[in-house]
Amino acid sequence: MTETVLLVGGGGREHAIARAVADDCALYACASNRNPGIARLAERVETIGETDVDDIVAYADEVGATLAVVGPESALEAGVADALDDAGVYTFGPRQEDARIETDKAYQRRFMQENDVPGCPAFEVFDDIEAACDYIDAFDGDLAVKPAGLTGGKGVKVIGDQVDEAGAKAYLREEAYDRVVLEERLVGEEFTVQAFVANGDVRVTPAVQDHKRAYEGDEGPNTGGMGSYSSASLDLPFMTEGDYAAAVEVIEAVVDALPDYKGVLYGQFMLTTEGPKVVEFNARFGDPEAMNTLPVLRTPFLDVLTAARDGEPLPELHFDEQATVCKYAVPDGYPTDPVAGAKITVDEESVGNALLFYASVDAREDGIYTTTSRSFAVVGLGDTIEKAEAVADGALAAAGEGLRVRHDIGKHDLVRRRIDHMNELRGE
């Protein structure tokens with residue numbers, strides 16, 4: 001029987017998911033935007049908001065969906081997976097309560113503490129902003145300031161890096177969040193590990209390093225992610241196999257405490273001198289990290305979905321032994337003052353051997369234009385990170401005017417700095 005898969009979401013992450021399943025099923029999609037890459041792969045794309053639960057369920061019923069994959073965290077927070085599950089459409093994505101591991105950072109930390117999940121930093125939760133400001137004054141050391149809810153990867157402020165103590169307090173007073181989490185600043189190198197989870201099984205994918213800062217050399221404000229890289233092995237050049245294994249143990253501990261969890265569990269870690277510490281968990285694929293892992297996944301992703309639904313053991317995952325480098329093209333001024341309306345001249349043919357993933361774009365009759373968010377990503381593959389970077393950077397030569405790229409992602413000098421940083425912290 002041919003599976004009919006409903007994909008919820010229209011960004012670069014969802015384009016990567018679509019590419020991973022489209023050849024093996026009848027694919028239908030819905031999102032608030034029309035992603036031209038997904039439109040080319042799907043039988044049909046419907047314009048429905050990612051949090052419009054009733055409309056999504058009605059669309060799933062109309063197309064006869066037998067499986068669903070939810071891409072964005074906003075949909076999980078809105079209970080889209082719950083509603084689809086309850087309508088008889090098995091959804092690879094956690095139900096609303098389990099998705100709190102991402103959508104509520106206060107819950108996330110207390111969950112780790114109560115269930116003895118390793119890698120939890122010292123933290124406190126505040127619903128009184130002035131009390132939080134007093135804690136900043138009294139704390140001996142630097143803190144990470146985190147709104148408890150979703151902020152699209154842009155709400156965290158780190159004292160001693162992005163702001164000073166006065167700036168952190170001003171930020172809290174200006175934003176007036178209902179709840180905030182203040183936790184010890186973690187020093188090291190960040191990396192992520194994404195896992196497929198269902199029926200108590202955990203299947204992990206290669207580690208990826210994302211780059212949140214807007215400008216070259218890790219300067220500027222945080223973004224949703226300017227690009228990322230993975231190596232031809234499961235770990236990264238600044239890690240050991242033991243570091244990767246310790247991160248996997250953290251993910252397995254979460255699943256042990258959430259036995260009904262299904263979907264992707266994404267651990268964002270800081271590799272410190274004490275081993276991996278948890279920066280946060282996400283309850284879905286990363287964007288851009290999905291674009292690093294899914295293109296090298298040789299195990300059919302649809303086999304993961306059907307095994308999850310049918311209560312069977314998840315298949316063992318096999319990956320091409322290739323490195324990947326993903327680079328986003330974003331509109332000029334992004335993320336603080338983005339300028340929309342630039343025509344995108346890159347397409348599947350112009351990127352050569354690289355892969356193209358559209359994200360937030362405006363598809364018009366006369367072409368594809370930028371919006372105010374990340375526009376598209378290219379992914380290069382190669383035997384080494386350096387070779388993959390050359391493929392990705394070459395593909396961006398035709399990006400066009402009005403777009404900006406962090407060309408340094410994946411380059412030898414930047415990767416070398418990551419290695420040197422960890423060696424310095426370890427006293428090597």
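Reply: A term to start with: contact means heavy atoms within 4.5 Å. In the protein, 66% of the contacts with a separation of 6 or more come from residues 24 or more positions apart.

Me: What kind of model is it?
Reply: This is a predicted model; local features need pLDDT of at least 70, side-chain atom pairs count only at pLDDT 80 or more, and totals for chains, interfaces and linings use all residues. Residues are numbered from 1 along each chain as its sequence is written, and side-chain values use heavy atoms, with hydrogens and water left out.

Me: How many helices and strands are there in the protein?
Reply: The protein has 14 helices and 24 strands. Both are DSSP runs numbered from the N terminus: helices are H or I, at least four residues, and strands are E, at least two.

Me: What about the sheet with S19 in it?
Reply: That sheet is open and has 3 strands, in the order S19-S22-S21, with antiparallel pairing. Strands S19 (343–344) and S21 (361–364) are at the edges with a single partner strand each, so one side of each has no neighbour in the sheet. Two strands pair if DSSP finds at least two bridges between them.

Me: How many bridges join S19 to S22?
Reply: 2 bridges join S19 to S22 (residues 367–370).

Me: Which residue stands opposite Lys-343?
Reply: Tyr-369 in S22 does.

Me: New topic. How much of the protein is buried?
Reply: 59% of its 428 residues count as buried. Buried means under 20% relative accessible area (1.4 Å probe, protein chains only).

Me: And what does the C-alpha trace span?
Reply: About 60 × 45 × 40 Å along the principal axes of the protein.

Definitions and conventions. Buried < 20%, exposed > 50% of the residue type's maximum accessible area, 1.4 Å probe, protein only.
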